[in-house]
Every structure is written in C-alpha cells, then in structure tokens.
Amino acid sequence: MLDGTKIHRLILRGSPVAPRIIMKVFEILRCSTHKQAEESKTGLKGQRRRIAEFRRQFDLPKGQEIVDIGKSARDHMQIKDGNLGKLLRRLENNKNSKEQVTLIFPYSDRLPRAEFEDGVEVFLPISRIANIGFADLDVLVKRDDPKEVRSREIKRVLESFDENALQWRRLSKRTADYHADFRDSWIEHEYYDGPKPIKNTSL
C-alpha cells in the first residue's frame with residue numbers, strides 16, 4: 001500500500017462490485033528558518049508528533065509530508081510560493097477525481113499571519129477540494145460539508161489563533177514591564193538606599 005493512501009470500499013445496494021474511494025493524506029510542515037526546524041517542541045519533530053496524534057484520533061493513514069522551510073506564514077508565502085502551493089494547484093487541476101484528500105496542519109499558530117477575513121478567503125477554497133485538519137485544535141473541516149459549515153469551522157480556527165496571539169502579546173508586554181520594574185527596584189536599592197526587592201513578580 002502506498003504511503004498516505006487508504007482504500008475504502010462502499011457497499012452499494014444491489015451492486016455486486018464495491019467501488020473504491022482512495023484517501024490521500026498530506027502532512028503540512030512549515031518553519032520560517034532552518035533553526036526553527038530543529039527545535040524540539042515546534043520544529044519538524046514536534047509537528048510530526050502532533051500530526052501523528054491527530055491521525056490516530058481520526059483514524060487516518062500515514063501521509064506524505066509536504067515540507068516548506070524558509071517560507072514565512074506572513075502573506076501566505078507557503079501557499080503562494082511553496083511546496084504546499086504546488087500541491088494545491090495539482091489538487092485543483094485534479095479535483096474531479098475520486099480521491100478523498102486530507103491536509104493536516106500541526107499548529108494553528110503556523111497558519112497565515114494575515115488579516116482574519118483574508119485567511120478565511122484563502123482556506124475556504126482549499127476546503128472545497130480537500131478536508132483540512134488542524135491538529136492542535138482537534139478540528140477536521142470536511143470537504144463534503146456545506147459551505148456554511150466549512151466557513152464556520154475555518155473562522156473558529158482563525159479566531160482561536162487571533163485570540164492566542166493577542167494573549168501572547170499581552171503577556172509579553174506584561175512580562176517586559178515586570179522585568180523593567182524589578183530592574184529599577186534593584187537600581188534604587190543598590191545606588192540610592194532603597195528597599196531590597198523581595199522577588200521578581202514575573203516569575
């Protein structure tokens with residue numbers, strides 16, 4: 001059996017032959033730099049681990065890896081100018097085949113860092129030609145679902161990313177403020193006889 005391919009037989013009433021539907025899975029991996037690709041948690045190894053857990057949960061076969069290194073998520077470069085873009089164009093040209101295609105993205109925060117509506121416009125057409133799995137959110141957008149359902153699920157994923165990004169920016173700013181206050185307290189203590197700081201409240 002080819003890697004990334006799974007044969008499903010549908011039993012039709014009164015039909016002596018069960019037609020075949022070929023399921024193909026593609027595991028979408030991306031890192032902006034080669035250094036990021038080597039990181040243990042969110043690098044290629046961590047992305048593969050997350051996708052494997054998703055495949056087990058949804059009973060999907062091992063897929064073919066589509067890897068883009070050095071392609072930023074900003075402005076959809078992975079889709080416009082990467083291996084993912086080449087795959088999507090091939091699927092679009094072959095969309096009338098009997099293949100059931102699933103694309104699995106490991107982390108939603110590695111999706112396009114563009115405007116929300118722009119992201120919906122990018123992923124909604126993709127959902128028309130393939131199922132889309134978002135492994136970290138346990139979301140599988142199904143190609144055969146109505147457009148309204150697919151649109152709602154994609155918006156939910158992108159909204160999750162926007163909210164996580166906003167929380168991270170807020171936390172980063174708060175942490176920077178805490179460190180600055182702690183540093184100023186030590187300067188006040190060392191040079192101006194101020195009270196000794198008890199602890200760094202950001203820890």
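How many aromatic pairs does the structure hold? There are four. A pair here means rings of Phe, Tyr or Trp (its six-membered ring) with centres within 6.5 Å; planes under 30 degrees apart count as stacked, over 60 as edge-to-face and the rest as tilted.

Before the details: this is a predicted model, with local features needing pLDDT of at least 70, side-chain atom pairs counted only at pLDDT 80 or more, and totals for chains, interfaces and linings using all residues. Residues are numbered from 1 along each chain as its sequence is written, and side-chain values use heavy atoms, with hydrogens and water left out.

Take Phe-54 and Phe-58: a tilted pair, 4.5 Å centre to centre, with 35° between the planes. Both sit in helix H2 (residues 44–58), four residues apart, so about one helical turn separates them. Helices (H or I, at least four residues) and strands (E, at least two) are DSSP runs, numbered from the N terminus. Phe-54 is buried at 1% relative accessible area, while Phe-58 is partly exposed at 27%. Buried means under 20%, exposed over 50%, partly exposed in between (1.4 Å probe, protein chains only).

Phe-105 and Phe-134 are stacked, because their planes are at 20°, with centres 6.1 Å apart. Phe-105 is in strand E4 (residues 99–105) and Phe-134 in strand E5 (residues 131–134), so the pair ties together parts 29 residues apart in sequence. Both residues are buried. With Phe-123 they form one aromatic cluster.

Now the backbone. Asp-59, not a glycine, has a positive phi of about 55°. Asp-59 is in the loop between H2 and strand E3 (64–69), and is exposed at 54%. Asp-138 also has a positive phi of about 55° without being a glycine. Asp-138 lies in the loop between E5 and strand E6 (139–141), partly exposed at 42%.
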